[in-house]
Amino acid sequence: MKRFPLLAVSAAALLAGGCTMIDPRALFAGAELTEVVLEQDEGWFVSDKILLVDVSGVIADQDGGGLLGGDFTCSPHYLRTVLRRAEQDPAIRAVVLRIDSPGGTVSASEVLARAVKSFRARTGLPVYAHIQSLGCSGGYYVAAACDEIHIQPAGLTGSIGVIAVLPAYAKLADKIGYEERVIKSGALKDLGSGMRDLTPEERAIFQALIDESYGQFLDWVLAGRPQVGDREQLKKLADGRIYTASQAKANRLVDEVCHLDESVAAVKEAAGVERAQVVTYSYALSADAN
């Protein structure tokens, strides 16, 4: 799938996305995933587990952030690592993806979504998405890979679409006296340069890329959410707008409007589990780390 800076997401939604739940210690040598028990049903010998996985922040191809601050990202590497760990534990009976993301790159969103779909196919375990504040654009792409999509009553979702943002800084360059001398192998090698306007041919090339990726986004949603309707019905919903929880439910973009504990209860029922621990995985430094 073609890569663009972001799947369709407004600047306001991006700023509201918050940081990911990836622990920055994962950037250190020797970091490894450890299980953390978040909640446990009452009774003796509760061995079944429901895994809670955070898909938060901007979805990107590589883990981001830094030791001195800044946003972290949710990457395909992170999610695949978590799901591989879950496959190795026969006590894991179901998974809930806790999504709080404004979107991300097309390629990373697609890889995350396919990792979820593949995990479901290999394990047969129920996987539910629970959208927190935001499950927009690439966040919704990932949610559509799940058995069901739930959303907080105050959550926002949708923003189904693709966007490429091309800065134009020629006027600024003129003011500060900056010039570029371009030597290129072909007429389109500097496609999208911010030092000049797009030609009609260049605009058509970018539009074709956007249209193809948008079509693939629609295909994915239709495959995962046939209850939304046919392609024409989906296109009416997929014009980039963001939906409230109640609007998303009315348009069948989500299955339930509920809180996280209700999603956990629902996925337990789907898994045929009466009592379980709710667990997550967190990065911790190994004893051998320097």
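Let's start with a pair of charged side chains: Arg-196 and Asp-190 meet in a salt bridge, with N and O 3.0 Å apart. This is a predicted model, so read each distance as a property of that prediction. Arg-196 comes out as partly exposed, at 28% relative accessibility, while Asp-190 has a relative accessible area of 15% and is buried.

From here, move on to Arg-225 and Asp-255, whose side chains also form a salt bridge, this time at 2.7 Å from N to O. Arg-225 sits in the loop between H6 and helix H7 (231-237), and Asp-255 sits in the loop between helix H8 (245-250) and strand S12 (256-257), so this pair ties together parts that are 30 residues apart in sequence. Both Arg-225 and Asp-255 are buried. Going back to the opening pair, Asp-190 and Arg-196 belong to a network that also takes in Lys-184 and Glu-202, joined by salt bridges that share partners.

How many salt bridges does the structure hold? The count is 15. One of them pairs Asp-41 with Lys-268, and their closest N and O atoms are 2.6 Å apart. Asp-41 is in the loop between S2 and strand S3 (49-56), whereas Lys-268 belongs to helix H9 (residues 260-271), so the bridge ties together parts that are 227 residues apart in sequence. Is Lys-268 buried or exposed? Lys-268 is buried, with a relative accessible area of 12%.

The Gln-152 side chain makes a polar contact with the side chain of His-130, at 2.9 Å. A polar atom of the Gln-152 side chain also lies 3.4 Å from the backbone nitrogen of Leu-260.

Ser-101 is another one to look at. You'll find Ser-101 in strand S6, which covers residues 92-101. Its relative accessible area is 0%, so Ser-101 is buried. A polar atom of the Ser-101 side chain lies 2.7 Å from the backbone oxygen of Gly-57.

Next, turn to the surface, where two patches are worth a look. Which residues gather in the patch of negative charge? They are Glu-39, Glu-256, Asp-261 and Glu-262. Of these, Glu-39 is in strand S2 (residues 31-40). With a relative accessible area of 49%, Glu-39 is partly exposed; the label "exposed" is kept for values over 50%.

The other patch is nonpolar. Tyr-169, Leu-172, Ile-176 and Tyr-178 make up this surface patch of about 420 Å². To place Tyr-178, look in the loop between helix H5 (170-176) and helix H6 (200-224). Like Glu-39, which is partly exposed, Tyr-178 is partly exposed, and its relative accessible area is 39%.

Notes:
Residues are numbered from 1 along each chain as its sequence is written. This is a predicted model: local features need pLDDT of at least 70, side-chain atom pairs count only at pLDDT 80 or more; totals for chains, interfaces and linings use all residues. Side-chain values use heavy atoms; hydrogens and water are left out. Patches are made of residues with over 30% relative accessible area and no salt bridge: like charges are joined within 9 Å, nonpolar side chains (Val, Leu, Ile, Met, Phe, Trp, Tyr) within 5 Å. Accessible areas come from the Shrake-Rupley method with a 1.4 Å probe; for residues, only the protein chains shown count as cover. A salt bridge is a side-chain nitrogen of Lys or Arg within 4 Å of a carboxyl oxygen of Asp or Glu. Lys and Arg count as positive and Asp and Glu as negative; His and the chain ends are not counted. The place of a charge is taken as NZ of Lys, CZ of Arg, CG of Asp or CD of Glu. Helices (H or I, at least four residues) and strands (E, at least two) are DSSP runs, numbered from the N terminus. Buried means under 20% relative accessible area, exposed over 50%, partly exposed in between (1.4 Å probe, protein chains only). A polar contact is a pair of N or O atoms within 3.5 Å; within protein, one must be able to donate a hydrogen and the other to accept it, and residues adjacent in sequence count only if both atoms are side-chain atoms.
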